Structure formats: structure tokens, C-alpha cells
Amino acid sequence: MKNTTTTTRHAELRQILTDRRREMQETVQSRIRDVRSDRASEVFDEIELSDADTHGDIEFAVLQMQAETLTRIDAALVQLDAGEYGSCVSCGGEISETRLRALPFAVRCRACEERREQGDVQTRRLAASRAGASLFSDAGRY
Ligand SMILES: [Zn+2]
């Protein structure tokens with residue numbers, strides 16, 4: 001009975017990742033089909049050819065991004081088996097399943113992420129005021 005919660009969570013996290021993986025694979029496959037049927041029906045005069053190239057580049061970039069996502073999901077599944085997936089890197093606590101379903105590659109729990117975002121805003125404000133100050137002193141110097 002001791003490990004029931006962990007086992008359930010493990011199973012749910014695996015479900016989240018495999019769902020996402022399947023979605024991604026289906027999207028990639030349908031995209032590849034789309035690209036092929038696009039190509040088959042295209043009329044290749046010079047102008048349309050350059051359009052087709054641009055279109056192909058975008059498609060390629062999207063496919064590449066999705067392939068990277070698949071790689072990350074696979075890596076997350078390996079981490080999950082090693083017991084390293086779904087823990088917050090800041091506080092070591094569990095990242096909620098709801099959060100992981102929305103953001104499978106989240107590395108922080110919501111509380112830590114919010115704290116970090118607030119910190120970022122403060123850092124940016126500080127940097128902005130420093131930049132403003134140095135701009136001001138430079139203006140005084142010359
Ligand atoms: Zn945390």
C-alpha cells in the first residue's frame with residue numbers, strides 16, 4: 001500500500017507523455033501527407049516555384065520542431081522510469097499532473113515558476129533603471 005500514490009502518479013504521467021507523443025506523431029504524419037498532396041497538385045511556373053520553396057521551408061521547420069518534441073517526450077519517458085520526471089528543479093516537490101498535461105516539459109511547479117517570473121520582472125526593472133541611469137550620466141558627461 002505504501003507506494004500506491006507513487007505508482008498511480010507514475011502511470012498517469014506516463015499516460016500524459018504517451019498521449020502527447022501519439023498526438024504529435026499523428027500531426028507529423030498528416031503533415032507529411034499534406035505536403036505530398038500539395039506538391040502533386042502544384043503547377044510549377046517560376047513564381048509558384050519560389051512560393052512552393054518558402055512553403056516547404058516552413059513545413060520543414062515545423063516538422064523539425066515536432067521531431068524535436070518527440071525526442072523530448074522520449075527523453076521524458078526515460079526520466080520518468082528513472083524517477084526524475086515531474087519533480088520541481090527549484091523545490092524538489094511534485095509538479096501537478098494538471099500542469100504537466102498542459103506543459104509536459106515544465107521543470108518547475110507552479111509556485112516556483114510564479115516566483116521565478118516575478119523575479120524576472122524585478123531583474124528586468126532593475127536592468128532597465130540601470131540602463132536609464134547610465135544613459136543619464138553619459139548625457140551629463142558629454
Ligand atoms: Zn517548486
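Q: Let me start with a pair of side chains: are Arg-99 and Glu-113 buried or exposed?
A: Arg-99 and Glu-113 are both buried. Bear in mind that this is a predicted model, and the values we discuss are computed from it.

Q: How buried is Arg-99, and where does Arg-99 lie?
A: Arg-99 sits in helix H3. The relative accessible area of Arg-99 is 13%, and the cut-off for buried is under 20%, so Arg-99 counts as buried.

Q: What do the side chains of Arg-99 and Glu-113 form where they meet?
A: They meet in a salt bridge, with a distance of 3.8 Å from N to O. This pair links distant parts of the chain, since Arg-99 belongs to helix H3 and Glu-113 to helix H4, 14 residues apart.

Q: Which other residue forms a salt bridge with Glu-113?
A: Arg-108 is one such partner, and the closest N and O atoms of that pair are 3.9 Å apart. Arg-108 is buried, as is Glu-113. Salt bridges with shared partners join Arg-99, Arg-108, Glu-113 and Arg-116 into one network.

Q: And which residues does Arg-99 touch, leaving aside neighbours within four places in sequence?
A: Arg-99 is in contact with Ala-106, Arg-108, Cys-109, Arg-110 and Glu-113.

Q: Cysteines next. Which residues are the protein donors of the zinc ion?
A: The donors are Cys-88, Cys-91, Cys-109 and Cys-112, each through its SG atom, at 2.3 Å from the zinc ion. The site is tetrahedral, with angles of 103 to 116° among the 4 donor atoms.

Q: How are those donor residues spaced in sequence?
A: The spacing is C-x2-C-x17-C-x2-C. Cys-88 lies in the loop between helix H2 (46-81) and helix H3 (97-102), while Cys-109 lies in the loop between H3 and helix H4 (110-141), so this pair ties together parts that are 21 residues apart in sequence.

Q: Are Cys-88 and Cys-112 buried or exposed?
A: Cys-88 is buried, at 4% relative accessible area, and Cys-112 is buried too, at 7%. Cys-109 is likewise buried.

Q: How many disulfides are there?
A: The count comes to 0 disulfides.

Q: Back to salt bridges for a moment. How many are there in the whole structure?
A: A search of the whole structure turns up 9 salt bridges. One of them is between Arg-9 and Glu-94, whose closest N and O atoms are 3.5 Å apart. Arg-9 is in helix H1 (residues 4-41) and Glu-94 is in the loop between H2 and H3, so this pair ties together parts that are 85 residues apart in sequence.

Q: Which of that pair is buried, and which is exposed?
A: Arg-9 is buried, with a relative accessible area of 10%, whereas Glu-94 is exposed, at 58%.

Q: Can we zoom out? How many helices and strands does the protein have?
A: The protein has 4 helices and 0 strands. From the N terminus on, the elements run α-α-α-α.

Q: What share of the residues counts as buried?
A: Of the 142 residues, 21% count as buried.

Q: And what share of the contacts with a separation of 6 or more is between residues 24 or more positions apart?
A: Those pairs account for 58% of such contacts.

Q: Which residues touch the most other members of the largest nonpolar core?
A: That core has 14 residues, and Leu-13, Leu-17, Leu-80, Tyr-85 and Leu-100 touch the most other members. H1 and H2 are the elements that give two or more residues to this core, and H2 gives the most, with 4 residues. As background, nonpolar side chains tend to be buried together in soluble globular proteins.

Q: What does Leu-100 touch, not counting residues up to four places away in sequence?
A: Leu-100 touches Arg-9, Leu-13, Ile-16, Tyr-85, Gly-86, Ile-95 and Ala-106.

Q: Last one: where is Thr-69, and what does Thr-69 touch beyond four places in sequence?
A: Thr-69 has its place in helix H2 and touches Met-24 and Phe-105. Thr-69 is buried, with a relative accessible area of 17%.

Definitions and conventions. Residues are numbered from 1 along each chain as its sequence is written. This is a predicted model: local features need pLDDT of at least 70, side-chain atom pairs count only at pLDDT 80 or more; totals for chains, interfaces and linings use all residues. Side-chain values use heavy atoms; hydrogens and water are left out. Donors are N, O and S atoms within 2.8 Å of the metal (3.2 Å for Na, K and Ca); water is not among the atoms, so sites may look incomplete. Four donors count as tetrahedral if all angles lie between 85 and 135 degrees; four count as square planar and six as octahedral if opposite donors are over 155 degrees apart and all others between 65 and 115; anything else is irregular. Buried means under 20% relative accessible area, exposed over 50%, partly exposed in between (1.4 Å probe, protein chains only). A disulfide is a pair of cysteine sulfur atoms within 2.5 Å. A salt bridge is a side-chain nitrogen of Lys or Arg within 4 Å of a carboxyl oxygen of Asp or Glu. A nonpolar core is a set of buried Ala, Val, Leu, Ile, Met, Phe, Trp, Tyr and Cys residues joined through side-chain atoms within 4.5 Å. Contact means heavy atoms within 4.5 Å.
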